[in-house]
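Please have the sequence and the structure open while reading.

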Amino acid sequence: MKTRHAASALLVSLAIVGLFGCKNEQLCKPLGACGGSLLANATDFAKKDGLPDRSWTVTAATEGACQDQLQLPPTTVSLARQPPSLSTQRPQDPATADWCGNLVLKSTGEVKEFIVYAPPLPLKVGELTVSADYDFATNPTGATTRGTYVLQTTIDQTRDLVLSESCITAQGLRLSCPTLGRRLGEFLAAEANIYNMRCQDPDDKAQGGCVCKFDLSFIGGQSGRWATQENGTQIQFFENVSYSPAALADYCVNGDGSLDLTGSNETPLFNQKGLRTMHMTTPSCSDGVQSLELGETGIDCGGACTAQGKPCGTCLPNDTAPGCACRNGVHDDNEVGIDCGGACLGVLCDPSVADPKQAKPACANGRQDPWEEGVDCGGPCPTLCNP
Amino acid sequence: MTTARTLTILTCVAASAMLGSSAEAKKKKKPEPAAAPATEAPATEEAGSIAPGSAPDKSPDSAASSGSSSETSSAADRSEKSEKAEKAEKAWEAAGDEPAHVEKTTKPALKMEAPPPAEAPPPPPPPVVVASATSLRKASGNADSPEGVTWKASGWDVTLYGYAGVNIMQDSTQSFGTASSNTIIQHLGTPRGNNLQAQATARDSRIGLRLAPPQLGSVRASVNIETDFNAPPPIEYTEANSVTNAGLRMRHYYMKVETPVVDFIAGQYHDLFGWGGKGFYPSTLAFLGITGEIYHRKPQVRLSKTVGSDVELEVAVAALAPVQKSGGYPDVEAGIRLGVNKWTGARQQAYGQPGIGALGIGVSGIGRHFEVANFIENPSTTVPGTGWGVAGNVFIPVIPATSAKDRGNALSLTGEYSIGTGISDMYSDLTGGLLFPALGNPMDRMDPTNPPPVYTPNIDSGIVTFDGDRRLRTANWQGFVANLQYYLPIAGGKVWIAATHSEIKSTNIQSITPMAGWGGIYTHSWYNDGTLFVAITDQIQVGVAFQRTHQWLGPEFNPATGLLRSVPATNYRSELGMHMFF
């Protein structure tokens, strides 16, 4: 009798354990993988070679792209080239990062060395354009299975940087925070993706050091060849420049023309770290992307959008930039404020204005901001202050 | 899914093996004589003539930090005890941990009388236990307290105790070892954060030996050694080394001397901080210490004094091995504990055998001094620092019980709150991801013959670090644990449930970690569990548990808003534990 009770209890226990076994849900849930024809209803707008092209756009604002948690623990760089430890020796402890970013100042105050911490960043906007290839000409049914693609992406984010007092004074100099910002900006000018480096005193001046901000903008992408797989639900994307391994994606062309892409077997899309899924929609004049398919000359303006009452801004006589933006005295869709921020790379908007769209360039607001060395000069401003 | 099936098969195999052996034992038992008359005491013999076995630590623990449970004195029914029983209990207390509830008049215990003391020459060596396993089990009769198997040898009371068992668990991530404790959960999107993990371990099986010489006047002494198999795996790590060929680990090695003036412990024992081993541990199938629970052992010298009977007050102070060997000064701990021995309830510590414990309130503190190597490549000087902590503990029998044999409908609550800085080693496996920063590399040293500069700390990671101004900073932590255990009114409370909530958080770990390292830390961790225990026999217990650990990892930028946000991470664990105590 007792044994029977014991058996029952154990069986119940085992059943409970079996039921409880569970797995975490993916942060980025896989999208559909129904397949479909990528080039259905396509037109020749990109390559002008008589073969059809089609594009889709994605924006962070609509959470179209899902990326895994991006800020993973750092790799301990300083341990990479250490000699191996002896078997009886305690191995080196892992470490985080250097508080000072390896800041080295010359005696003139110029920055000799500085490493910016730039973790993987979320995608802001993107456009994927796929084009048919020569096979299409020999396949009148239009069942195109390979071709070329271009993925244009924009990553844009403001990052923080805190430098302690000892980092700044370690080499016998004490630059003011705005000057340090200018010096760092000069040093990082070679880095095409870093803009508007500015530093100011912390709120609590007693703690010393400088609090800095800078804008990271990566505009670029990749191109190469694509090919659908025999199962009809997966695409391989081959990249032409770095020749990295082909990235396999599950895809689905939905009834509304949108395209779902999911990295197959939990692999990243387009080999971009952390990028798992993209829900891409057909281009429109309000998607926040300068679409190639619509022939937009600015973001959501010009080209086909002109017919929808969205011409790009009025151009000044000597403007030559596409869309004539950044110097037209009005807020364009691709700007954060008036002729600043967004597409106006390196032009910082005045953060003191409540409505960002009404903000003008901070270096022209007629007062000395905390990161400026004088009124509208020094720091991140293009104008140097008079000595 | 496949892993879940494998786990089920594993558990089934374990279960059938267990059932098979019980059935076999039953078959074998029939023709066997009821007891070995020459070696065991009759079931009705008064316990006064023997020293009942002490309550062994039954709380399992992690490899890095560990501890055990014990039972507090059940002086509540002291007036009902015979003089001999009281004497036995004193002897038990003298032996180390305090006893669980003891049925003094009916307690059977293996009694193996040594040969009569010889005048000269010295007596022969103590006899070896020759009783069969069956007779040992029967004779030990530890129906309601984990008192082990006790016999007399050369006038000494010798107690052997422990348990053998297995814990089988499945996690939704590959973040934890067998103990979840305070380890960081792996990020989603990584192989370890996305995939299941199944483990089975018998490494927590335990064996303890307690020896108490004859009392000398009013001075009682004892020595206690206790081991399990949680020794850290060798550097050449393999699953076989870690799981199957586990090494023996020292848990408790200490001597205890009780005098009318003061009591004295010397050796490795639970920390006084958090009143370890005094009945404040939660009832759970999880290995202690759980998230936010103080759980630590250290070599120490402790002085304590207990006064009172129905209401007892214990004051203790201890000097312990320093947190770093080059600390220069010992850690110092002190505490005061109040016990109301007439207010008792059912109490299980971790997944040990339930006993009876008295209402208790404890307050304790710790102070320590650091001398941390200066934050440069080859330091020759140190930076001083100070750590401290305060903890409060309670055990409240909400629905009292007076007998461990009849504990049905008993409800008890345990709680702990702790706060401190530079004391993360007091919590099992806690670093929160805090590391030392990397040294700058202004010379851009990258050549293998001139590698980048590395800081070599002289203290374990997670306790202190250096901030951006190279100042020594201690990590602040606050922990909280609440646990309820309710014994169903079934078969005298042989089926019971337990639920736990605990958490730990840091107020400064983010500010003392460079931004680039935020992805490797957590600021807050939250643990919940629910467990169903069944005492299948007096010695065999089975527990099934579901445990959830949730952490707030270091912040990252929200892709949609560009603002900082905490990154959540969760691990779900289902666990089955089967243990047989002796």
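## A loop in chain B

G289(B) sits in the loop between β7 and β8 of chain B; helices (H or I, at least four residues) and strands (E, at least two) are DSSP runs, numbered from the N terminus. The peptide bond that leads from L288(B) into G289(B) is cis, with omega near -5°. W275(B) is placed in the loop between β7 and β8 of chain B. Its phi is near 50°, a positive value in a residue other than glycine. Most residues other than glycine have a negative phi, and most peptide bonds are trans.

Is W275(B) buried or exposed? W275(B) counts as buried because it has 29 C-beta neighbours inside 10 Å. The classes are these: a residue is buried if 20 or more other C-beta atoms lie within 10 Å of its own, exposed if 12 or fewer, and partly exposed in between, with C-beta atoms placed from the backbone.

## Basis of the model

The model is predicted; local features need pLDDT of at least 70, side-chain atom pairs count only at pLDDT 80 or more, and totals for chains, interfaces and linings use all residues. Residues are numbered from 1 along each chain as its sequence is written, while chains are lettered from A and ligands numbered from 1 in the order in which they are written.

The scores for the model are ipTM 0.76 and pTM 0.77. For chain B the mean pLDDT (the predictor's confidence in each residue, from 0 to 100) is 78, and 73% of the residues of chain B reach 70 or more. Over residues 1–145 of chain B the pLDDT is below 50, and this stretch has 342 contacts in the model beyond near neighbours in sequence. Two residues are in contact if their C-beta atoms, placed from the backbone, lie within 7 Å. Where pLDDT is low, the predicted coordinates should not be read in detail.

## Strands on either side of the loop

In chain B, strand β7 (residues 263–270) pairs with strand β8 (residues 297–307) in the antiparallel sense, over eight bridges; two strands pair if DSSP finds at least two bridges between them. D263(B) has S304(B) in β8(B) as its bridge partner.

β7(B) also runs antiparallel to strand β6 (residues 249–258) of chain B, joined to it by six bridges. Here Y254(B) is bridged to G267(B) in β7(B). The link from β6(B) to β7(B) is a hairpin through four residues.

## Chain B overall

Chain B contains five helices and 20 strands. It has 582 residues, of which 51% count as buried. Of its contacts between residues at least 6 apart in sequence, 71% join residues at least 24 apart.

S181(B) lies in the loop between β2 (156–171) and α4 (191–194) of chain B. It is buried, with 29 other C-beta atoms within 10 Å.

## Chain A: content and an enclosed helix

Chain A has four helices and twelve strands. Of its 387 residues, 42% count as buried. Among its contacts between residues at least 6 apart in sequence, 46% join residues at least 24 apart.

Helix α4 (residues 177–187) of chain A is largely enclosed by the rest of the structure, because nine of its eleven residues are buried. Among the buried residues are C177(A), P178(A), L184(A) and F187(A). The buried residues of α4(A) pack against β4 (111–113), α3 (165–169), β7 (194–200) and β8 (210–228) of chain A.

Strand β10 (residues 247–253) of chain A pairs with strand β9 (residues 234–239) over four bridges, antiparallel, and A247(A) in β10(A) stands opposite F237(A). β10(A) is also joined to strand β11 (residues 259–263) of chain A by five bridges, again antiparallel, with V253(A) bridged to L259(A). β10(A) and β11(A) form a hairpin with five residues between them, and G257(A) in the turn has a positive phi of about 90°.

The C-alpha atom of G257(A) is separated by 33 Å from that of L345(A), 88 residues apart along the chain. L345(A) is in the segment after β12 (275–280) of chain A. It counts as partly exposed, with 15 C-beta neighbours inside 10 Å. Leaving aside neighbours within four places in sequence, L345(A) is in contact with Y195(A) and S217(A).
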